[in-house]
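Please read it alongside the sequence and the model.

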Amino acid sequence: QVQLVESGGGLVQPGGSLRLSCAASGSIFSIDAMGWYRQAPGKQRELVATITSGGTTNYADFVKGRFTVSRDNAKNTIYLQMNSLKPEDTAVYFCNADLIDGTLVPRDSWGQGTQVTVSS
């Protein structure tokens with residue numbers, strides 16, 4: 001069984017920073033792309049950023065220049081450094097991983113989400 005556990009969310013003032021982490025654990029053969037998504041109240045879940053196992057990144061336009069995604073393949077962990085946060089960044093942030101589990105079954109795995117609130 002595979003688990004993705006996010007951490008690092010919280011309350012921050014506008015203009016502030018937060019760093020999210022997400023660690024994948026369990027029976028994992030390999031992980032390809034990992035990513036961050038977010039869902040604000042009353043809105044659909046949307047892509048924030050993704051990163052491949054080789055380090056190629058992709059960002060939503062609304063976070064370019066403010067957020068940075070990175071990963072540690074040895075630790076099966078992905079990070080999201082969020083700077084210059086705005087109230088509209090308030091959402092639940094979810095981690096995602098496209099992986100092959102220990103029984104060689106492809107899985108699209110999700111974490112439980114971590115709340116980020118940007119408010120003065």
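In this predicted model, the largest nonpolar core has 31 residues. Trp36, Leu80, Met82 and Tyr93 have the most contacts inside this core.

- Strands S1 (2–7), S3 (18–26), S4 (28–39), S5 (46–51), S7 (67–72), S8 (77–82), S9 (91–101) and S11 (114–118) each give two or more residues to the core.
- The largest share, five residues, comes from S9.
- Leaving out residues up to four places away in sequence, Met82 touches Gly16, Ser17, Leu18, Leu20, Arg66, Phe67, Tyr93 and Val116.

**Salt bridges**
- The structure holds five salt bridges.
- Arg38 pairs with Asp89 in a salt bridge, with the closest N and O atoms 2.9 Å apart; Arg38 lies in strand S4 and Asp89 in the loop between S8 and S9, 51 residues apart.
- Asp89 also forms a salt bridge with Arg66 (2.7 Å, N to O), a residue in the loop between strand S6 (57–59) and S7, 23 residues apart from Asp89.
- Arg38 and Asp89 are buried, and Arg66 is buried too.
- A network of salt bridges links Arg38, Glu46, Arg66 and Asp89.
- Asp101 and Arg107 form a salt bridge whose closest N and O atoms are 2.5 Å apart.
- With a relative accessible area of 6%, Asp101 is buried, whereas Arg107, at 42%, counts as partly exposed.

**Largest pocket**
- The largest pocket holds about 180 Å³ of space.
- Its lining has 13 residues, and Arg38, Ala40, Lys43, Glu46 and Glu88 lie nearest the centre.
- Seven of the lining residues are charged, three polar and three nonpolar.

Note on methods. Residues numbered from 1 in each chain as written. Predicted model: local features only at pLDDT ≥ 70, side-chain atom pairs only at ≥ 80, totals over all residues. Heavy atoms only, no water. Core = buried A, V, L, I, M, F, W, Y, C linked by side-chain atoms within 4.5 Å. Buried < 20%, exposed > 50% of the residue type's maximum accessible area, 1.4 Å probe, protein only. Helix = DSSP H or I, 4+ residues; strand = E, 2+ residues; numbered from the N terminus. Contact = heavy atoms within 4.5 Å. 1 Å grid on protein atoms, 1.4 Å probe; cavity = no way out; pocket = protein on both sides within 12 Å on 5 of 7 lines; lining within 4 Å. Points joined across faces, edges and corners; volume = space filled by probe spheres on them. Nonpolar A, V, L, I, M, F, W, Y, C, P; charged D, E, K, R; others polar. Salt bridge = Lys/Arg side-chain N within 4 Å of Asp/Glu carboxyl O.
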